[in-house]
Amino acid sequence: MTEPEPRPETWLIDMDGVLIRDDAALPGADAFIDRIREHGREFLVLTNNSMYTRRDLAARLSDVDIAVPEDRIWTSAVATAQFLANQMPEASAYVIGEAGLKTALHDVGYTLTDTDPDFVVLGESRTYSFQTITEAVQLVNAGARFIVTNPDATAPSSDGPLPATGSVAALITESTGTEPYFVGKPNPIMIRSALNRIGVHSESTAMVGDRMDTDVVAGIEAGLTTYLVLTGSTGREDVAEYAYRPTEVVDSVADLVDIV
């Protein structure tokens, strides 16, 4: 008789396409989070979106009856700020991004400036301007190190895909010849920083996501059990296009409630 797979003790859960989509809760999302909390499992909700603070995201989830405290949310902005604080404490940065990224950098003691910064840090925004991108190009050419919160080239919207952080990063790279360091998924440093945040090990942790090229590959490279849900950007037929596979493909997080 085959031994059943051990149940994960810890859960890392992508947000958009897994728990919510277009500010509406996805099937089973509330029950899944409620079951995790009822059983006292450690968990974090992860997102590559750096625009919003953790408090903002907790409120967004609460609005659709998904109860996630802000200290259980881990964003690429927070991971980037932690990474920079570990690399060069209390340094300076020129930031293109929104409140989530700027707040995270302030919280680790960084000074935000356009005068000889140590880093140019690019995050998600809906108001990218030619002026700020030009300033970033000039600062990178002058020697500032180039950091990007996440590599996503597009972001979903009700009107279709929007240019996102990865696309703007490519523009700066083409203008400077300098490749950035991406902190967010699929970089496993995002996963490891999340695991360290709640003091757990990869062997007993599962990653739940809707994208093969960020969530699943990041989980695999960090040694996690991986679940792909089909409520986001990936269809079941898309999985065969990749050289790697998730541990399991499920229709939605509603299918995971019973294994928590």
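Helices here are DSSP runs of H or I with at least four residues, numbered from the N terminus. By that count, Thr 214 is found in helix α8, which spans residues 212-221. The model is predicted.

Start with Thr 214. Its relative accessibility is 5%, so Thr 214 counts as buried; the cut-off for that label is under 20%. Set aside neighbours within four places in sequence. Thr 214 is then in contact with Asn 48, Lys 185 and Pro 186.

Move to helix α6, residues 165-176, where Thr 173 has its place. Thr 173 is buried too, with a relative accessible area of 12%. Not counting residues up to four places away in sequence, Thr 173 touches Phe 146, Thr 178, Glu 179 and Pro 180. Ala 77 lies 96 residues from Thr 173 along the chain, and the C-alpha atoms of the two are separated by 20 Å.

Next comes a helix pair. Helix α3 covers residues 76-87, helix α7 covers residues 188-198, and the two pack with their axes 10 Å apart. The angle between them is about 85°. Angles from 65 to 115 degrees count as roughly perpendicular, and α3 and α7 are therefore roughly perpendicular to each other. From α3, the contact is made by Ser 76, Ala 79, Gln 82 and Phe 83. From α7 come Ile 189, Met 190 and Ser 193. The residues of this contact divide into 4 nonpolar and 3 polar, with no charged residue.

Now the strands. Ile 13 sits in strand β1. At 0% relative accessibility, Ile 13 counts as buried. Beyond its neighbours within four places in sequence, Ile 13 has a list of contacts that includes Val 18, Leu 19, Phe 32, Ile 33 and Ile 36. Also among them are Phe 43, Leu 44, Val 45, Leu 46 and Val 208.

The structure holds 5 aromatic pairs. One of them joins Trp 11 and Tyr 227, with 5.8 Å centre to centre and 25° between the planes; the pair is stacked. Trp 11 belongs to strand β1, residues 10-14, and Tyr 227 to strand β14, residues 225-229. The pair links distant parts of the chain, 216 residues apart. Which side of the burial cut-off does Trp 11 fall on, buried or exposed? Its relative accessibility is 0%, so Trp 11 counts as buried. Tyr 227, at 7%, counts as buried as well.

Tyr 242 and Tyr 244 make another pair. Their ring centres are 5.5 Å apart and their planes meet at 45°, so the pair is tilted. Tyr 242 is partly exposed, with a relative accessible area of 25%. Tyr 244 is partly exposed at 22%.

Trp 11, Phe 32 and Tyr 227 form one aromatic cluster. Phe 32 is also one of the contacts of Ile 13.

The charged end of Arg 72 sits over the ring of Phe 43, 5.7 Å from its centre. Phe 43 is itself among the contacts of Ile 13. Arg 145 lies over the face of Phe 119, at 5.6 Å from the ring centre.

Methods: Residues are numbered from 1 along each chain as its sequence is written. This is a predicted model: local features need pLDDT of at least 70, side-chain atom pairs count only at pLDDT 80 or more; totals for chains, interfaces and linings use all residues. Side-chain values use heavy atoms; hydrogens and water are left out. Axes are lines fitted to C-alpha atoms, for helices over the stretch in contact, and angles run from 0 to 180 degrees between N-to-C directions. Angles under 35 degrees count as roughly parallel, over 145 as roughly antiparallel, 65 to 115 as roughly perpendicular and the rest as oblique. Contact means heavy atoms within 4.5 Å. Ala, Val, Leu, Ile, Met, Phe, Trp, Tyr, Cys and Pro count as nonpolar, Asp, Glu, Lys and Arg as charged, and the others, Gly among them, as polar. Buried means under 20% relative accessible area, exposed over 50%, partly exposed in between (1.4 Å probe, protein chains only). Rings of Phe, Tyr and Trp (its six-membered ring) pair if their centres lie within 6.5 Å; planes under 30 degrees apart count as stacked, over 60 as edge-to-face and the rest as tilted. A charge sits over a ring if NZ of Lys or CZ of Arg is within 6 Å of the ring centre and within 35 degrees of the ring normal.
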